[in-house]
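The structure comes next, followed by lead sentences and grouped points.

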2 protein chains.
Amino acid sequence: MQGERRKFRREGEERRRDALVSAALDLISEGGPSAATVRAIAERAGVTPGLIRHYFQTKEELTREAYRALMHRMSSENAAVLEAAPADPMARLAAFVAAALRPPVVDPRSMGLWAGFLHQVRSDPAMAAIHAETYLGYRDLLQELIAALPGHNDPARLRTLAIACNGVIDGLWLEGCALPEAFAPGELEHIGLEAVGAILGLDLAASLPPAMPEETP
Amino acid sequence: MQGERRKFRREGEERRRDALVSAALDLISEGGPSAATVRAIAERAGVTPGLIRHYFQTKEELTREAYRALMHRMSSENAAVLEAAPADPMARLAAFVAAALRPPVVDPRSMGLWAGFLHQVRSDPAMAAIHAETYLGYRDLLQELIAALPGHNDPARLRTLAIACNGVIDGLWLEGCALPEAFAPGELEHIGLEAVGAILGLDLAASLPPAMPEETP
DNA sequence: CCTGTAATTATGCAAGTGTATAATTGAGGT
DNA sequence: ACCTCAATTATACACTTGCATAATTACAGG
């Protein structure tokens, strides 16, 4: 006798897929890719392992979906700042750079996830395609912000500048995620603005729009 | 009857440990951390799985040794350029930055390894200690190179500059490893010199000592 | 030529892996 | 109130993983 069968509630497909995807991301960020076993994911999502196969043909498919979700989340978190940013090109660029170098974009868990996926991104073509959609799109957005500055219209030069600025941002992002305690609040953003400004020959730090006061509910 | 027992040769402890460590590194760089199973490592090293337990108390210990070997290798590959570099501080810094942004330091396999280890580095204190020895030592070396420049003697300012330059180098290193085909030969080094130079207010690119002609055996 | 011993192999095991398939059951439509 | 069907659980399987232990064998010192 195996007692009683487990009770369950039916859910919409989207909610279950989301739950499984974020369970996978949570587990990878906590224990690395090897911690995201089918059984652990199911338990974290509050279902039994078999259900994963019902929504994803294979574990690899779930993994790809999780990577897509991660990259989308990180891109939006950074780009969101542009919605409330002023129209002035320098201020927009400064706001964008600063946003990339503070939470929630700077986050040790995100870096762990990013690193955990890296090898699959390099070996699985489907993962590489997801990477191209998001990561290169990010660099293009940065390039547009630079192109909007006065006096930047040589395409080749523009590309070089975008690569350099993207490199600075990536590198500092990495440093901030890896050694959060090594930087005073705001220090990383300031270094980033200084470095990107130096590359572009601008005083970006002076153009940073003042921070919005936090909501206090 | 199980046919004949496998023939073998006795080897010195150091050689066997080295062989096992580099087998592990090879496998991780090819197939990610999950590919470095005890059995696969043994086969790659030309021994049977049991021998690993003879030289390493646990697989985790072998993994730590492999990480240490990787970090040492990467640090030396970059620092080696200083031995043949001129005495002029600007030229030394330029040579160091450039060396960090071209092969063999820039190498997709190294990046894959680095990323594969990242989670263990963050969760295992022993790995974190190895990280501290090597990575932070790298940043200190960079800071020394900057301190040797004329007119850099404020310690706090020095630290900030070292962090920023290290960030630029790391970021561009990452870009170069991830997208090797995105850069023309020498382009990444040039961007790096320009960016670091901009941060420090120097024309580093002009100070780069000419490349040694390759040996042609 | 022995002989000891440490290096190496062989074998086994319990736990964990992804996946396939069959059995149940929640919930909406009529 | 029934009935249907998809959502969900349960079970099983073949394989892999790290590790332990016992059996062998290469090689140095006498």
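In this predicted model, the side chains of R109(A) and D26(A) form a salt bridge at 3.5 Å, N to O (a side-chain nitrogen of Lys or Arg within 4 Å of a carboxyl oxygen of Asp or Glu). Across the interface of domain 1 and domain 2 of chain A, the rule finds one salt bridge.

Domains of chain A
- An automatic or database assignment gives chain A domain 1 (10-56) and domain 2 (66-207).
- Six residues of domain 1 of chain A and seven of domain 2 of chain A are in contact (heavy atoms within 4.5 Å).
- The two domains of chain A bury about 610 Å² between them, 76% of it from carbon and sulfur atoms; buried area is the accessible area (1.4 Å probe) lost on putting two parts together, summed over both.
- L25(A), I28(A) and S29(A) supply 68% of what domain 1 of chain A buries against domain 2 of chain A, more than any other three residues.

Chain B against chain A
- Contact involves 40 residues of chain B and 40 residues of chain A, and the buried area is about 3,000 Å².
- H119(B), R122(B) and E175(B) supply 18% of the area that chain B buries against chain A.
- Six salt bridges are counted between the chains; R139(B) and E175(A) meet in a salt bridge at 3.9 Å, N to O.

Conventions
- Residues are numbered from 1 along each chain as written, chains are lettered from A and ligands numbered from 1 in written order.
- Local features need pLDDT of at least 70, side-chain atom pairs need pLDDT 80 or more, totals for chains, interfaces and linings use all residues, and side-chain values use heavy atoms, without hydrogens and water.
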